[in-house]
Amino acid sequence: MTSRTGSAPRIDLHAHSTASDGTLTPAGLVGAAFDAGLDVLAITDHDTTAGWAPAVGALRPGLRLVRGAELSCRWSGAQPAVPLHLLAYLFDPDHPELVAELARVRAAREERGERMVGLLRADGIDVNWPDILAGAGGGTVGRPHIAQALIRAGLVDSVREAFGPDWLGERYRLPKEDIDVFRAVRLVREAGGVPVFAHPRATRRGRVVPDELIAELAAAGLAGLETDHEDHSPAEREHVRALAAELGLLVTGSSDFHGTHKTVQLGAFSTSVEAYERIVAEGVTEVASG
């Protein structure tokens with residue numbers, strides 16, 4: 001694989017658009033990736049493939065698009081259950097069981113968001129659910145959309161502050177009806193896709209799962225671990241890298257770009273050509289090229 005800029009290929013396999021909780025439209029995300037000098041971009045909105053078609057339609061020469069999604073999952077081996085995210089690449093978007101499960105999760109997300117807003121309003125906090133829905137623009141509703149309402153109301157200064165324990169990180173946070181992670185891995189594989197565990201060791205986000213679970217997921221079909229991510233410390237990156245080597249899993253690096261909802265920029269971390277080619281070889285959906 002050659003780079004369109006003449007340098008080492010830059011491959012970012014985790015980015016969000018307005019189809020979920022990013023601030024750039026799918027077409028805008030593709031344009032930003034081109035301007036950033038990326039060679040490969042993955043669009044991985046939460047629990048939806050709605051951004052795929054407009055992203056493909058906006059491709060520019062030399063830029064490749066990996067179509068994917070970030071699945072909201074849970075592991076019930078601890079109480080309360082541990083939330084985690086699974087990146088799914090190059091799967092069949094029409095696989096009936098996976099389509100139904102993603103629709104269920106999106107509906108549960110919306111119901112949860114409305115309940116969280118109800119909790120805020122019960123405490124006299126002036127946020128409005130119809131305005132938050134409008135701000136999501138038809139995308140999958142998430143906590144970042146509520147965070148933006150808190151920012152507009154002058155109650156917090158940033159999404160990071162809104163995600164703190166006094167707000168959406170704890171006091172007003174409610175659990176989601178996520179997919180059991182083993183079921184998610186199975187569904188992605190049955191849909192011809194490639195499942196990669198997103199930021200598996202990011203303790204700054206909260207609880208993480210034990211290495212033994214990751215070994216069980218690898219036996220069940222997990223393909224890789226997202227190693228290089230802004231929420232991993234250097235020590236956590238090395239731990240994940242060593243675990244992946246031990247289990248024979250591929251490793252990825254990516255920005256987890258959300259536009260202005262986060263400070264990280266596209267291309268902040270890159271995936272190796274070898275890992276990218278393994279994903280392409282295993283997926284049922286072809287990579288789109290400009």
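Q: Is H199 buried or exposed?
A: Burial is read from the relative accessible area, and a residue under 20% counts as buried. H199 has a relative accessible area of 9%, so H199 is buried. Keep in mind that this is a predicted model.

Q: Where is H199, and what is its phi?
A: Most residues other than glycine have a negative phi. H199 has a positive phi, near 30°. Its place is the loop between β6 (194–197) and α8.

Q: Which value does phi take in D47, and where does D47 lie?
A: Phi of D47 is near 60°, again a positive value in a residue other than glycine. D47 belongs to the loop between β2 (40–46) and α2. With a relative accessible area of 0%, D47 is buried.

Q: What kind of peptide bond joins Q79 and P80?
A: Most peptide bonds are trans. The bond that joins Q79 and P80 is cis, with omega at about -5°. P80 lies in the loop between β3 and β4.

Q: How do I read the sides of a helix, and which residues of α8 are buried?
A: An α-helix has 3.6 residues a turn, so residues three or four places apart point the same way. In helix α8 (residues 211–220), the buried residues are L213, I214 and L217. They cover an arc of only 100° around the axis, and therefore sit on the same side of α8.

Q: Which exposed residues does the face of α8 turned away from the buried side carry?
A: That face carries E212 and A219, both exposed.

Q: How many aromatic pairs does the structure hold?
A: There are 2 aromatic pairs. One of them is formed by W52 and F91, with ring centres 5.2 Å apart.

Q: Why is the pair of W52 and F91 tilted?
A: Planes under 30 degrees apart count as stacked and those over 60 as edge-to-face, with the rest tilted. The planes of W52 and F91 stand at 55°, so this pair is tilted.

Q: Which parts of the chain does that pair link?
A: The pair links distant parts, 39 residues apart. W52 is in helix α2 (residues 52–57), while F91 is in the loop between β4 (82–89) and α3 (96–122). W52 is buried at a relative accessible area of 8%, and F91 is buried too, at 1%.

Q: Which charged residues lie over rings?
A: R4 lies over the face of F34, at 4.0 Å from the ring centre. The charged end of R143 sits over the ring of F163, 4.1 Å from the centre of that ring.

Q: What lines the second largest pocket?
A: That pocket has a volume of about 150 Å³. Its lining includes T18, S20, H145, R152 and H261. α4 (129–136) and α5 each supply at least two lining residues. By class, the lining holds 2 nonpolar, 8 polar and 1 charged.

Technical notes. Residues are numbered from 1 along each chain as its sequence is written. This is a predicted model: local features need pLDDT of at least 70, side-chain atom pairs count only at pLDDT 80 or more; totals for chains, interfaces and linings use all residues. Side-chain values use heavy atoms; hydrogens and water are left out. Rings of Phe, Tyr and Trp (its six-membered ring) pair if their centres lie within 6.5 Å; planes under 30 degrees apart count as stacked, over 60 as edge-to-face and the rest as tilted. Helices (H or I, at least four residues) and strands (E, at least two) are DSSP runs, numbered from the N terminus. Buried means under 20% relative accessible area, exposed over 50%, partly exposed in between (1.4 Å probe, protein chains only). A charge sits over a ring if NZ of Lys or CZ of Arg is within 6 Å of the ring centre and within 35 degrees of the ring normal. On a 1 Å grid over the protein atoms alone, a cavity is a set of points where a 1.4 Å probe fits but cannot get out, and a pocket is an open set with protein on both sides within 12 Å along at least five of seven lines; lining residues have an atom within 4 Å of a point. Grid points are joined across faces, edges and corners, and a volume is the space filled by probe spheres set on the points. Ala, Val, Leu, Ile, Met, Phe, Trp, Tyr, Cys and Pro count as nonpolar, Asp, Glu, Lys and Arg as charged, and the others, Gly among them, as polar. The arc is that of the directions from the helix axis to the C-beta atoms.
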